[in-house]
Amino acid sequence: MRLRLACLVCCVAALPLGAQAPRLAAGTFVAERIDREPLPQTDRVVDDDGTTYVIEFDRLLLSLRDDGRFRASLRYRRTLYAADPRGRDRRIPLQTMAVTGRYEIVGDSVRFTPDPSEETRGLRMLAGAVVNAREISLPFQYRNGTRERDRRLVMRRNDNIL
């Protein structure tokens with residue numbers, strides 16, 4: 001507890017005089033954009049052999065609880081169009097991926113550490129920025145075909161999800 005408190009004191013002390021870290025309360029955040037494009041969004045990649053990979057991002061929700069736990073949920077669809085004329089399109093229905101874990105807010109950054117599971121194997125701690133009490137900016141990394149994508153999510157607080 002002392003170490004955690006000492007780290008928090010150091011981070012607050014490092015802020016410029018008169019500056020305050022944005023206060024982020026528990027609640028539900030919805031991704032509005034990936035980079036500058038609104039959701040839903042489609043990412044299309046054509047490999048060297050002519051195979052086309054399409055990912056359609058439908059919705060991403062992030063729920064922050066008072067106890068330092070989070071749950072992130074992503075709805076998406078993947079479609080593969082084979083280059084071989086004998087190949088058939090393989091369109092997969094809308095899928096959902098959920099990740100749970102712990103989060104910590106230090107200064108104006110928010111850090112997410114996923115719980116270890118088969119689905120989260122290979123995921124690492126993710127650090128984003130608290131823009132203000134109603135907005136978070138997070139890195140968003142994924143693979144589409146042979147391409148690695150590094151994007152940025154803009155998430156806004158929305159307490160009227162249902």
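**Close-up views of an aromatic cluster**

**View 1. Phe-57 is a buried residue.** In this predicted model, Phe-57 has a relative accessibility of 5%, so it counts as buried, the cut-off being under 20%. Phe-57 sits in strand 4, which covers residues 52–64.

**View 2. Phe-57 meets Phe-140 edge-to-face.** Let's look at the partner ring. The centres of Phe-57 and Phe-140 are 5.3 Å apart, with 75° between the planes. Planes over 60 degrees apart count as edge-to-face, so this aromatic pair carries that label. Phe-140 belongs to strand 10 (residues 135–144), so the pair ties together parts that are 83 residues apart in sequence. Phe-140 counts as buried too, at 11% relative accessibility.

**View 3. Phe-140 also pairs with Tyr-142.** Here the ring centres of Phe-140 and Tyr-142 lie 5.3 Å apart and their planes meet at 45°, so this pair is tilted. Are these two residues, Phe-140 and Tyr-142, buried or exposed? Both of them are buried. Together, Phe-57, Phe-140 and Tyr-142 make up one aromatic cluster, and the structure holds five aromatic pairs.

View 4. Of the 162 residues in the chain, 33% are buried. Among contacts with a separation of 6 or more, 49% join residues 24 or more positions apart. The chain's accessible surface is about 10900 Å², and carbon and sulfur atoms account for 51% of that surface.

Notes. Residues numbered from 1 in each chain as written. Predicted model: local features only at pLDDT ≥ 70, side-chain atom pairs only at ≥ 80, totals over all residues. Heavy atoms only, no water. Buried < 20%, exposed > 50% of the residue type's maximum accessible area, 1.4 Å probe, protein only. Contact = heavy atoms within 4.5 Å. Areas by Shrake-Rupley, 256 points an atom, 1.4 Å probe, with all protein chains shown as cover. Phe/Tyr/Trp six-rings, centres within 6.5 Å; stacked < 30°, edge-to-face > 60°. Helix = DSSP H or I, 4+ residues; strand = E, 2+ residues; numbered from the N terminus.
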